[in-house]
Amino acid sequence: MDSNGSIHDKCESRLYIGNLDLKITEATLLKMFSPFGKIVSEDFLWHTRGPKRGAPRGFAFIQYDTREEAELAKDQMHGRLACGRPLVVRLASEKYMLETAENSMKGSGEGHKMHLTGGTMGQTSRSAKIAAIKNKLKSLEEESSRSKKQKQTEDTS
């Protein structure tokens with residue numbers, strides 16, 4: 001296997017995790033993602049200068065042993081609420097391909113602006129929000145039905 005192949009394989013099992021609440025720590029992140037497979041490495045990004053120096057940047061990367069483990073974690077965790085915010089989880093190679101495509105279609109300034117304000121990134125964020133809302137509605141419905149059953153049980157006693 002050539003060196004390019006091994007780099008490509010690494011990208012295929014590396015996840016980008018975004019929209020992290022600032023309260024989420026490295027340990028919490030590892031605990032959330034360890035059930036899906038063997039984590040080979042983790043990069044939790046911090047501000048290195050300026051007034052926010054030492055504060056989390058709100059995103060991280062996790063490298064799994066295999067692509068299958070990464071895909072499973074992506075499928076299970078994308079859109080899941082963590083500290084009230086829907087996680088954005090995708091293969092790091094997908095993020096790289098999206099940014100490369102956007103930058104090649106537009107000038108570098110416009111491409112970066114498009115990345116921040118909408119385009120493909122906005123669609124992903126929108127779908128994550130929709131998934132989070134659906135999860136919230138489901139939990140509220142379950143909670144409501146539990147409290148109704150409990151009230152009926154108390155009334156009959």
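Student: How many salt bridges does a search of the whole structure find?

Tutor: Side chains of opposite charge can pair when their charged atoms come close. In this predicted model, the whole structure was searched for such salt bridges, and the number found is three.

Student: Which residue forms a salt bridge with R67 at 1.7 Å between the closest N and O atoms?

Tutor: A salt bridge requires a side-chain nitrogen of Lys or Arg within 4 Å of a carboxyl oxygen of Asp or Glu. R67 has its closest N and O atoms 1.7 Å apart in the bridge with E12. R67 lies in helix α3 (residues 67–77) and its partner in helix α1 (residues 3–12), so the pair ties together parts that are 55 residues apart in sequence. The partner asked for is E12.

Student: Is E12 buried or exposed?

Tutor: The term buried applies under 20% relative accessible area, and partly exposed begins above that range. R67, at 33% relative accessibility, therefore counts as partly exposed. E12 has a relative accessible area of 15%, so E12 is buried.

Student: How far apart are the closest N and O atoms in the salt bridge of R14 with D43?

Tutor: R14 and D43 are partners in a salt bridge. This pair links distant parts of the chain, with R14 in strand β1 (residues 14–18) and D43 in strand β2 (residues 39–46), 29 residues apart. R14 is partly exposed at 21% relative accessibility, and D43 is partly exposed at 34%. The closest N and O atoms of the pair are apart by 3.0 Å.

Student: Which residues make the nonpolar surface patch of about 280 Å²?

Tutor: Residues of a patch need over 30% relative accessible area and no salt bridge. L137, found in helix α6 (residues 119–156), is partly exposed, with a relative accessible area of 47%. The patch of about 280 Å² is made by I133, L137 and L140.

Conventions: Residues are numbered from 1 along each chain as its sequence is written. This is a predicted model: local features need pLDDT of at least 70, side-chain atom pairs count only at pLDDT 80 or more; totals for chains, interfaces and linings use all residues. Side-chain values use heavy atoms; hydrogens and water are left out. Patches are made of residues with over 30% relative accessible area and no salt bridge: like charges are joined within 9 Å, nonpolar side chains (Val, Leu, Ile, Met, Phe, Trp, Tyr) within 5 Å. Accessible areas come from the Shrake-Rupley method with a 1.4 Å probe; for residues, only the protein chains shown count as cover. Helices (H or I, at least four residues) and strands (E, at least two) are DSSP runs, numbered from the N terminus. Buried means under 20% relative accessible area, exposed over 50%, partly exposed in between (1.4 Å probe, protein chains only).
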